[in-house]
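Reader: I am new to this structure. Please take a close look at one part, the salt bridges, and go through them pair by pair.

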Amino acid sequence: MDWNSDGRKDLVVGALDAKIHLFINEGTDAAPDFRVQTFAQANGSDLLVPPSRSSPDVLDLDGDGKKDILTGNYNGELFFYSNTGSDAEPNFAGYEAVESDGVPIDLAGTPRSRPIVCDWTGDGYFDVLIGAGDGKVHLYQSVPQPGDFDNDYDVDLNDFAVFALYYGFTGCGSCGGADLAADDGIVDMRDVLEFADWWLTGTE
């Protein structure tokens with residue numbers, strides 16, 4: 001993981017002390033040299049994952065081009081820290097509890113949640129695998145939103161543009177799922193109406 005966007009892999013390490021430890025590579029990828037330990041920052045202080053035992057995965061989760069943090073903790077919860085700094089100099093202002101079906105993820109007991117984000121199901125959306133003290137790997141799967149053709153978790157004008165490219169196509173093996181209403185091999189007005197319903201109900 002390249003924490004400071006200098007083209008070299010760094011180490012981002014969770015720990016019992018709740019901090020996220022950074023070891024910046026001052027060597028090369030082939031011969032890394034981690035001389036100094038620093039810590040991820042939140043509002044000018046070392047970021048602390050409550051109550052303890054940080055376990056971070058680092059990637060751009062909100063699609064703004066900057067690396068964010070998804071972390072587990074001692075209690076089995078999952079927290080999202082959005083990057084309020086830059087991609088080269090990440091900074092964090094606070095966290096949000098990650099939910100599943102509207103309920104914050106909180107594995108039973110104190111299983112020390114350890115997440116990793118991947119596309120487990122191969123559908124183009126993020127899924128989360130959580131290793132835990134119970135010896136299990138818990139899968140939390142993203143549910144695709146109808147009409148979200150560009151996989152950005154929102155139905156908006158970009159999706160309408162993609163849909164418009166497919167309008168009137170036949171042989172919908174090539175139309176990216178735009179045959180929404182009847183699955184009849186034609187993208188027509190019935191599919192437009194279906195998309196419009198999803199667009200109106202899926203946007204704020």
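Author: A salt bridge is a side-chain nitrogen of Lys or Arg within 4 Å of a carboxyl oxygen of Asp or Glu. Side chains of opposite charge can pair when their charged atoms come close. The model is predicted, so local features need pLDDT of at least 70 and side-chain atom pairs count only at pLDDT 80 or more, while totals for chains, interfaces and linings use all residues. Residues are numbered from 1 along each chain as its sequence is written, and side-chain values use heavy atoms, with hydrogens and water left out.

The structure holds six salt bridges. One of them joins D6 and R8, with N and O 2.9 Å apart. For accessibility, buried means under 20% relative accessible area, exposed over 50%, and partly exposed in between (1.4 Å probe, protein chains only). D6 is partly exposed at 31%, and R8 is partly exposed at 28%.

K9 pairs with D29, the closest N and O atoms being 3.4 Å apart. This pair links distant parts of the chain, 20 residues apart: K9 is in the segment before β1 (11-14), and D29 is in the loop between β2 (20-25) and β3 (34-39). Strands here are DSSP runs (E, at least two residues), numbered from the N terminus. K9 counts as exposed at 52%, whereas D29 is partly exposed at 39%.

K19 and D46 also form a salt bridge, at 3.3 Å from N to O. K19 lies in the loop between β1 and β2 and D46 in strand β5 (residues 45-46), 27 residues apart. Finally, salt bridges link E26, D33 and R35 in a network.

Terms used
Helix = DSSP H or I, 4+ residues; strand = E, 2+ residues; numbered from the N terminus.
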